[in-house]
Amino acid sequence: MDRDRLAQALLATFLEELEGHVASLNRDLLALEREQGTPRAAERVAALLRTLHSVKGAARAASALLVETACHRLEEVLEPLRDGRTASPELYELCFAAVDALDDAGRRLASKQELAGSPLDTLLPDLERAANGDVSAPHATGTTPHAPGAARPPASTDESSRAPGASAARSRAPGSAAEPSRAAGAAPESSRMPGSSAESSRMPGSSAESSRMPGSSAESSAPESPPSSPVLEATLPVRVSAQKLDALLSRSGELRVASLRLEGRTETLEGVREELARMREAVQGTEAESSLRRAEKELARVTRELAADQRTLSGVATGMDDEVRRARTLPFLEGCEGLERAARDVARSEGKKARLEVHGGALELDRSLLQSLREPMLHLVRNAVAHGLESPEERRRAHKPEEGRVTLSARLRGSRVEVTVEDDGRGLNLEALRARAVAQGIEAPEDDEDAARLAFHSGLSTSTRVTEVAGRGVGLDVVRTQVEAMRGTVEVSTLPGQGARFALDVPLTLSTLRVLLVSAGGQILALASEGVARLVRLSPDEVRDVEGRPTWVAEDALVPLASLADVLGLPPGPPRQRRGAVVLAAGTARAALVVDEVLAEQEALVRALGPRVRRARHVSAAAVLPDGRLSLLLNPVSLVRAAGGRPSTALFPAPVTQRTRRRIVLADDSPTTRALEQSILEGAGYDVVPCVDGAEAWERLQAGGADALVLDVEMPRMDGIALTEAVRASPRFARLPVILVTARGRPEDKARGLQAGASAYLVKSAFDPTSLLETLRRLL
């Protein structure tokens with residue numbers, strides 16, 4: 001190997017080592033800062049010095065002299081702490097700034113930039129002074145922190161991979177800085193040996209391992225991994241690029257689809273054999289019978305052999321798919337690299353004390369899922385510290401520990417993963433959220449759960465000041481958008497004075513899934529089976545009208561109802577007396593989407609749509625079906641949200657119209673409201689019988705009958721609910737349309753009215769004459 005190629009190989013190896021060591025330095029510095037003054041502190045300092053020594057030696061071999069010098073100076077800074085000396089906050093800021101500068105130097109070297117004038121170069125004088133005992137705050141640079149107490153520049157949305165400690169995760173992700181060197185094959189075999197720093201985070205006795213000893217907040221609550229087998233312990237770790245694993249997973253998925261296609265061919269051949277048997281019986285006793293019998297036997301043999309091959313292929317495809325997925329998995333804890341550092345930096349900039357705890361760190365998840373979850377988790381952790389946790393003074397007054405706690409946890413729930421971020425702070429200020437929503441023209445819901453979801457609206461923040469980490473109202477909107485792009489949901493719950501909890505629910509795999517195929521508007525569309533709560537068939541009498549919107553009254557909730565073709569802007573199917581509907585669940589919200597037909601449920605590969613159609617409404621990806629066709633994979637969260645706001649549409653055939661003048665009994669104890677509604681109804685051609693309360697309406701109904709009732713709920717003598725129940729109990733009027741028009745708009749009020757038998761429920765605060773007339777027209 002010539003000198004230039006050797007230098008490139010050494011540099012590539014060094015960059016891989018540096019990324020792993022930066023993560024180790026961050027972990028051990030955080031642990032040292034937390035455990036200062038305890039017996040564990042000396043172990044942390046020793047681990048830091050070991051890591052710095054490894055980086056210094058590797059930098060010397062790769063001719064990265066500035067990195068070597070900086071590590072030597074940092075060793076001199078930390079050595080006095082080994083003897084139990086207490087470090088000042090300024091010293092910790094300097095050390096964290098040096099680690100960030102080393103990370104920046106690695107990125108510069110990977111992109112062939114000079115280190116002269118870099119943050120590491122600028123920081124050297126500070127390190128030299130600190131080594132001589134003169135510790136001061138580091139000078140502000142492009143990536144290093146400001147002085148203690150000043151706001152640290154946060155990682156922006158598109159720079160989240162540069163968050164402190166993110167380098168370890170970045171080294172395993174497609175497109176990382178170290179990836180080109182690996183793809184070029186420049187890294188020598190020595191970089192793959194145990195003890196190389198890129199792998200040292202998994203080797204006993206390494207600095208990364210020491211950072212996960214008991215007492216580390218990130219690992220203390222995570223279950224221990226099972227011990228490796230002797231065979232695995234004797235096997236050297238091998239690096240495989242993320243791109244190669246992605247390509248292998250894609251091929252594995254295509255192999256599974258080929259197996260499913262072969263299964264379909266076997267079924268087709270079996271059908272042909274049965275047809276031959278019927279033909280043979282039809283020509284029994286003729287010369288053709290023997291020929292057909294031979295053909296039938298041969299076809300039966302081929303079918304059996306093809307079925308056996310299909311079973312073998314299916315077993316191989318399933319086994320290969322499982323192995324590839326196992327090779328792609330990483331512990332959840334590795335996906336959380338850098339979040340503890342991010343929480344610490346935000347807390348210092350806000351003058352708070354915070355601790356991040358990670359639960360379920362040993363849970364193995366797909367690396368692409370972890371990479372996609374990283375930015376939402378970073379936003380939520382920073383948001384919890386900046387918005388949720390109180391200052392030490394406030395926490396003392398509330399009888400809480402001065403140090404706030406943010407808990408990040410992961411657990412499996414069937415074929416999905418739930419990741420939660422919760423804090424023990426003040427909780428969401430729901431009244432402030434409602435006020436800000438009203439100021440921006442957004443309806444402020446009365447229900448606390450719905451009000452909490454206002455936090456996800458873009459531009460809506462309750463922060464009274466705009467800082468580098470809070471106040472612009474974009475963070476939680478970004479979280480929701482990114483999680484929904486993963487076919488997931490995010491929910492929030494809060495308790496005043498006790499904290500807030502954000503729960504992200506995402507599929508366990510982003511590459512394959514089972515889908516339900518439906519037809520709507522002449523198109524075959526796919527819905528992820530995991531998002532389908534149930535299938536129902538509806539008739540007109542099972543659909544009610546609530547505030548001008550069709551609603552299916554389920555056993556436990558009111559479910560918005562809409563046509564899938566109408567939501568997607570496709571041509572409507574023909575109206576039918578009974579319609580099939582798919583009930584979709586997105587978190588706690590549900591919606592029923594009427595479809596033309598439910599076709600099948602099967603496994604499908606998921607493929608990205610590409611940049612040209614990436615923003616198609618209600619579409620998240622494309623599903624590759626076993627027969628090779630493509631079907632659009634719909635986004636259940638987007639569909640549920642859209643269905644909840646759809647106006648009434650003709651889902652069922654319109655009844656034959658009658659030309660006689662319809663009689664409406666109207667009951668409302670408010671003269672003004674009664675006069676308004678009477679005017680609207682008479683203007684539309686109805687014969688109106690006005691009544692002052694439910695008792696009079698019941699008398700007038702029994703005396704002269706009616707075609708429909710329009711009732712207020714709160715009335716003297718007999719209210720609207722009682723009158724509705726009386727009407728439904730009467731054999732004569734049991735099928736009479738009843739519309740409740742009331743000021744009560746809470747979900748439990750609507751449920752009470754519909755359970756009493758109301759055909760439609762309209763709220764006066766959102767009263768629209770058109771909705772009343774359209775509801776009457778549909779019911780009559």
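## Close-up views of a predicted model

View A. A hairpin joins strand S12 to strand S13 through four residues. Here strands (E, at least two residues) and helices (H or I, at least four) are DSSP runs, numbered from the N terminus. This is a predicted model, so local features need pLDDT of at least 70 and side-chain atom pairs count only at pLDDT 80 or more, while totals for chains, interfaces and linings use all residues. Residues are numbered from 1 along each chain as its sequence is written, and side-chain values use heavy atoms, with hydrogens and water left out. S12 (residues 549–553) and S13 (residues 558–563) run antiparallel, with three bridges between them; strands pair if DSSP finds at least two bridges between them. Look for Thr551, which stands opposite Pro560 in S13. S12 is also joined to strand S11 (residues 543–546), again antiparallel, by four bridges. Val546 has Arg549 in S12 as its bridge partner. The S11–S12 hairpin has two residues between the strands, and Glu547 takes a positive phi near 55 degrees there.

**View B. Thr420, tucked into strand S5.** Thr420 sits in S5, which spans residues 416–423. With a relative accessibility of 2%, Thr420 counts as buried (buried means under 20% relative accessible area, exposed over 50%, partly exposed in between, using a 1.4 Å probe and protein chains only). What does the side chain of Thr420 make a polar contact with? The partner is the side chain of Ser409, at 2.5 Å. A polar contact is a pair of N or O atoms within 3.5 Å; within protein, one must be able to donate a hydrogen and the other to accept it, and residues adjacent in sequence count only if both atoms are side-chain atoms. Leaving aside neighbours within four places in sequence, Thr420 is in contact (heavy atoms within 4.5 Å) with residues including Thr407, Leu408, Arg501 and Phe502.

**View C. A few of the salt bridges.** The count comes to 55 salt bridges, each one a side-chain nitrogen of Lys or Arg within 4 Å of a carboxyl oxygen of Asp or Glu. In helix H12 (residues 242–282), Arg278 and Glu275 are three residues apart, about one turn of the helix. Their closest N and O atoms are 2.5 Å apart. Arg278 is partly exposed at 47%, and Glu275 is partly exposed at 37%. Over in helix H15 (residues 339–349), Arg341 and Asp345 are four residues apart and form a salt bridge at 3.0 Å. Are these two buried or exposed? Both Arg341 and Asp345 are buried. They also belong to a network of salt bridges that links Glu33, Glu93, Asp100, Arg341, Arg344, Asp345 and Arg348.

View D. A search of the whole structure finds two aromatic pairs. Rings of Phe, Tyr and Trp (its six-membered ring) pair if their centres lie within 6.5 Å; planes under 30 degrees apart count as stacked, over 60 as edge-to-face and the rest as tilted. Phe456 and Phe502 have ring centres 6.1 Å apart and planes at 90 degrees, so this pair is edge-to-face. Phe456 lies in the loop between helices H19 (448–452) and H20 (475–485) and Phe502 in strand S7 (residues 499–507), so the pair ties together parts 46 residues apart in sequence. Both Phe456 and Phe502 are buried. Trp698 and Phe733 form an edge-to-face pair too, at 6.3 Å centre to centre and 75 degrees between the planes.
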